[in-house]
Amino acid sequence: MSRKVKIGTRGSKLALWQAYHVEGLLKNAGIQSEIIVIDTKGDQVLDVSISKIGSKGVFTQELEDQLVDGRIDVAVHSAKDMQSSLADEFEIIAFTEREKENDILVSIKSGIDIKDASKPLVLGTSSTRRVATLKHFFPHVKTVDVRGNLQTRIRKMEEGLCDALLLAYAGVHRMGYDSMIAAELDLDEFTPAVGQGSVAIESAKSLDSALRQQIIQACNHPATEYRLKAERSYLRVLEGGCSIPVFALASLENETLSLCGGIISLDGQNRISLEVSGDKTKAEDLGKELAKLVFAAGGKEILDEIKKSQSYK
């Protein structure tokens, strides 16, 4: 290539890790790049929960603005931060190989046991899915809203705001905090957010087609792509954002794709979790099929109630 690919990213250490990871994949394919740091609304507003500042584009809008005017060629995001439906002028062109999907507990204290109802436990999280899941399976656990990058959250925990943080394994591992992992949570109970563990590469549809194909060849992990297409298709039907406790996780064995997903009421009382499977090439159809089943099982009523609640914006 005659010029460098311009990679747009948020400025947190984790976001930069993701950008450097993509830069490395491109370099391995002989493509030079440069990283451009961009502040987003989600980075700027740290004193309000994500569900209250809006769930769509909280971490992506400013990057997309620069994709449109050509200041950057691609934007790198945590796949779980990507809204389920993109504007017509954008597309996700690649998903990097997925890290372990589990939610985990991070703490500086010993003896953290989420199942022990006899001991008071306060967990820090900004996720409505995680809060609702706790209310369903572990109602004795209290939560406190914790925003900011990983380092900020850990500092708040160390200052006594909570006993442990409830986070995604991928980010903690990528930042080198494995020694602070107190527990790895069961995927059947804490089924993750759509896309958790993968990095999404977004571009404007106007991106040069030859460059687009080079980036796909260098960065896309086909097995992860099948899985996330199914999960994102499910999320798209439910119109789920950061403020709705929706979950989904696809697995791939040979040519068969299995998709487990559902929704939880905000109070944790009602949790629907179902599974479908089929050929991997029908990933998006499987997502739609699961959504219809979840709706028919009572998910529509749960979703409508969430949208009526004051916490949904």
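Is Asp65 buried, exposed or partly exposed, and what is its relative accessibility? At 39% relative accessibility, Asp65 counts as partly exposed, where buried means under 20% relative accessible area, exposed over 50% and partly exposed in between, with a 1.4 Å probe and protein chains only. The structure is a predicted model, in which local features need pLDDT of at least 70 and side-chain atom pairs count only at pLDDT 80 or more, while totals for chains, interfaces and linings use all residues. Residues are numbered from 1 along each chain as its sequence is written, and side-chain values use heavy atoms, with hydrogens and water left out.

Asp65 is placed in helix H4, residues 61-68, helices (H or I, at least four residues) and strands (E, at least two) being DSSP runs numbered from the N terminus.

Helix H9 comprises 17 residues (222-238) and reaches 25 Å from its first C-alpha to its last, close to the 24 Å expected at 1.5 Å a residue, the expected span being 1.5 Å times one less than the number of residues. Buried residues of H9 include Thr224, Arg227, Leu228 and Tyr234, and their cover includes strands S4 (90-95), S11 (246-253) and S12 (256-264) together with helix H10 (283-308). Ser233, in H9, is buried with a relative accessible area of 1%; leaving aside neighbours within four places in sequence, Ser233 is in contact (heavy atoms within 4.5 Å) with Glu284, Gly287 and Lys288. Just after H9, Glu239 takes a positive phi of about 55°.

The second largest pocket has a volume of about 360 Å³, a pocket being, on a 1 Å grid over the protein atoms alone, an open set of points where a 1.4 Å probe fits, with protein on both sides within 12 Å along at least five of seven lines, and lining residues having an atom within 4 Å of a point. Of the 20 residues that line the second largest pocket, Glu91, Ile92, Arg232, Arg236 and Glu284 lie nearest its centre. The largest share of this lining, six residues, comes from S4, and S4, helix H8 (209-219) and H9 each supply at least two residues.

Ser12 lies in the loop between strand S1 (5-9) and helix H1 (13-28) and is buried, with a relative accessible area of 15%. The side chain of Ser12 reaches the backbone nitrogen of Ala15 at 3.1 Å.

Terms used: Polar contact = N/O pair within 3.5 Å; in protein donor to acceptor, adjacent residues only side chain to side chain. Points joined across faces, edges and corners; volume = space filled by probe spheres on them.
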